[in-house]
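Hello,

Please find the structure below. My notes on what was found follow it.

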Amino acid sequence: MIEFYTDATPNGWKVSVLLEEIGMEYNTHHIDILKGEQKKPRFQTICPNGRIPAIVDTENNLSIFESGAIMLYLAKKSGQLIPADIKGESLVTQWLMFQMAGIGPMMGQSNVFYRYFPERIPSVIARYHNECRRLFEVLNRQLIGRDFICDQYSIADIANWCWVRIHAWGGTDVEGLTNLNAWMQRLEDRPSCQKGVAVPYLQDWEKLKADLGEKDSSVRGLVTK
Ligand SMILES: N[C@@H](CCC(=O)N[C@@H](CS)C(=O)NCC(=O)O)C(=O)O
């Protein structure tokens, strides 16, 4: 059984969408990051970095943190969504790492400075918007003549989509990126993607926006520590 520790965020969805796609059984444990549950010593024995997501595979008596590492493990364990041949596996791993090292951190910082940070620093916001847009253009070019990022639907699509789908939250424009927009819709239409992004609950963006209006909101507290 997979014990899955998560919250309603892109890095968490990457794992829940994958679990739904491969049809692996799992128990969800909601770690409320706004309440600081990710910093509790008990959780940090599973994830030393004190961030979601993390899993425990009771069958192999193994705990795993870092969403990319979890995705590789689950894909390989199930024999799904990653090619078995070395070249195909390498291609998928490259685009997974592109998300882990590029899309995720840049969009994360864009969210912080565009949405959550108490001060508005236009040059910093522009820096992250430009970098996110540049990364989106890389994906848009990779998707020329393809339905998916690599040769077949894979964990690379799931990882990148879970972040790119919330581009509006971080304020990055996707206007004119025809291939990227078509690919986003293609994944949005998949039942497993829809189920996965509702774990542990469906994010209410309007409520989150309203919460940010509070002077000492917990979201602000998280990013300014
Ligand atoms: N590189 C990590 C990043 C994990 C991460 O940043 N998770 C965020 C939610 S998306 C978190 O737990 N934030 C809580 C905090 O900053 O304390 C991964 O991909 O798993």
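Which domains does the domain assignment of the protein give? The assignment gives domain 1 (2-80 + 197-215) and domain 2 (86-189); such bounds come from an automatic or database domain assignment. This is a predicted model, in which local features need pLDDT of at least 70 and side-chain atom pairs count only at pLDDT 80 or more, while totals for chains, interfaces and linings use all residues. Residues are numbered from 1 along each chain as its sequence is written.

The C-alpha centres of the two domains lie 20 Å apart. Eleven residues from domain 1 and twelve residues from domain 2 take part in the contact (two residues are in contact if their C-beta atoms, placed from the backbone, lie within 7 Å). On the side of domain 1 that touches domain 2, helix 1 (10-22), helix 3 (67-78) and helix 10 (205-212) each supply at least two residues. Helix 1 gives the most, with six residues. Helices (H or I, at least four residues) and strands (E, at least two) are DSSP runs, numbered from the N terminus.

Now to strand 1. Four of the five residues of strand 1 (residues 2-6) are buried, so this strand is largely enclosed by the rest of the structure (buried: 20 or more other C-beta atoms within 10 Å of the residue's own, with C-beta atoms placed from the backbone). Strand 1 runs parallel to strand 2 (residues 26-30), joined by five bridges, and pairs with strand 3 (residues 54-57) in the antiparallel sense over four bridges; pairing requires that DSSP finds at least two bridges between two strands. Glu-3 has Asn-27 as its bridge partner in strand 2 and stands opposite Val-56 in strand 3.

Regards

Note on methods:
Buried ≥ 20, exposed ≤ 12 C-beta atoms within 10 Å, placed from the backbone.
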